[in-house]
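Here are some exercises to work through with the model open beside you. Try each task before you read its solution.

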Amino acid sequence: MSETPDGVEVRPFEPGDAAAFWELKRGFELGIGEGTGGDDKLSKYEAKLTDDYRERYLSWVERCATDDPGCVVVAEAVSGDGHGDGGIDSDGGDGDDDGDARLVGYAFALPEEMTFIWDAAVLNELFLDADYRGTGVADELMAAVLDHARSQDLPLDRIVLDVDEANDRARAFYDRYGFDHWGELVARDL
């Protein structure tokens, strides 16, 4: 799909990415729990990451990527990218083997059939391994999501997302892309 200046390719999700994708998803969830709330929030997010949740989530990701190719994209670092080890091999390994490509991030826009939830494109998740933050890879992921959203037949020409108000880094990133406060999301326990 595209090549970043740091030798990281942004491309559509493939079923063989599932194990590595899951490790990034875990990083996303645990980062939300740890970085934007107290111990109670972290323990709640850790508790949901069961084997059953993993299987259901990965099945859903694969269905979304099959139904709307390009709605899920991954950032894959190729060997010689100058970042040493880190990241997750697409087979779920630790990314330490020479010559391996490894997933270092992903972005997930909901499939077109779900645009009626918000009458817009929805950026469900964007996550990048800490070693790759500030390198331009997140910008490539965002560009891929925006391009994909523009290709969707949307009720309204906009993209929405939910970002925790305590996540200053994410808020600054989305501010840079011109996201404005729109409405207010409220929640309660069931």
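**Exercise 1.** Find which residue forms a salt bridge with glutamate 29, and say where the two partners lie.

*Solution.* Step 1: glutamate 29 forms a salt bridge with lysine 48, and their closest N and O atoms are 3.0 Å apart. The cut-off here is a side-chain nitrogen of Lys or Arg within 4 Å of a carboxyl oxygen of Asp or Glu. Step 2: glutamate 29 lies in helix H1 (residues 18-35) and lysine 48 in helix H2 (residues 39-48), so the pair ties together parts that are 19 residues apart in sequence. Helices (H or I, at least four residues) and strands (E, at least two) are DSSP runs, numbered from the N terminus. Step 3: check the burial, where buried means under 20% relative accessible area, exposed over 50%, and partly exposed in between (1.4 Å probe, protein chains only). Glutamate 29 counts as buried at 3% relative accessibility, while lysine 48 counts as partly exposed at 30%.

Before going on, keep in mind that this is a predicted model, in which local features need pLDDT of at least 70 and side-chain atom pairs count only at pLDDT 80 or more, while totals for chains, interfaces and linings use all residues. Residues are numbered from 1 along each chain as its sequence is written, and side-chain values use heavy atoms, with hydrogens and water left out.

**Exercise 2.** Look at the salt bridge between lysine 25 and glutamate 125: what parts does the pair tie together, and are the two residues buried or exposed?

*Solution.* Step 1: the side chains of lysine 25 and glutamate 125 meet at 2.6 Å, N to O. Step 2: lysine 25 lies in helix H1 and glutamate 125 in strand E6, so this bridge links parts that are 100 residues apart in sequence. Step 3: lysine 25 and glutamate 125 are both buried.

**Exercise 3.** Now stay within H2: how far apart along the helix are lysine 44 and aspartate 40?

*Solution.* Step 1: both residues lie in H2, 4 residues apart, about one turn of the helix. An α-helix has 3.6 residues a turn, so residues three or four places apart point the same way. Step 3: the side chains of lysine 44 and aspartate 40 meet in a salt bridge of 3.8 Å, N to O. Step 4: at 48% relative accessibility lysine 44 counts as partly exposed, and at 51% aspartate 40 counts as exposed. Elsewhere, salt bridges that share partners join Arg11, Glu14, Asp17 and Glu76 into one network. In total, the structure holds 12 salt bridges.

**Exercise 4.** Work out which strands pair with E5 (residues 102-109), and how many of its residues are buried.

*Solution.* Step 1: two strands pair if DSSP finds at least two bridges between them. Step 2: E3 (residues 72-77) and E5 run antiparallel, joined by 6 bridges, with valine 74 opposite tyrosine 106. Step 3: E5 and E6 also run antiparallel, joined by 5 bridges, and glycine 105 has leucine 128 in E6 as its bridge partner. Step 4: 8 of the 8 residues of E5 are buried.

**Exercise 5.** Identify the residues with the most contacts inside the largest nonpolar core, and the element that gives the most to this core.

*Solution.* Step 1: a nonpolar core is a set of buried Ala, Val, Leu, Ile, Met, Phe, Trp, Tyr and Cys residues joined through side-chain atoms within 4.5 Å. Step 2: the largest one has 27 residues, and Leu126, Leu141, Met142, Ile159 and Tyr174 have the most contacts inside it. Step 3: E2 (8-12), E3, E5, E6, H4 and H5 each give two or more residues to this core, and H4 gives the most, with 8.

**Exercise 6.** Say which residues of H3 (residues 51-67) are buried, and which are exposed on the face turned away from them.

*Solution.* Step 1: Tyr53, Tyr57, Leu58, Val61, Cys64 and Ala65 are buried. Step 2: these residues cover an arc of only 125° around the axis, which puts them on the same side of H3; the arc is that of the directions from the helix axis to the C-beta atoms. Step 3: the face turned away from the buried side carries the exposed residues Asp51, Arg56, Thr66 and Asp67.
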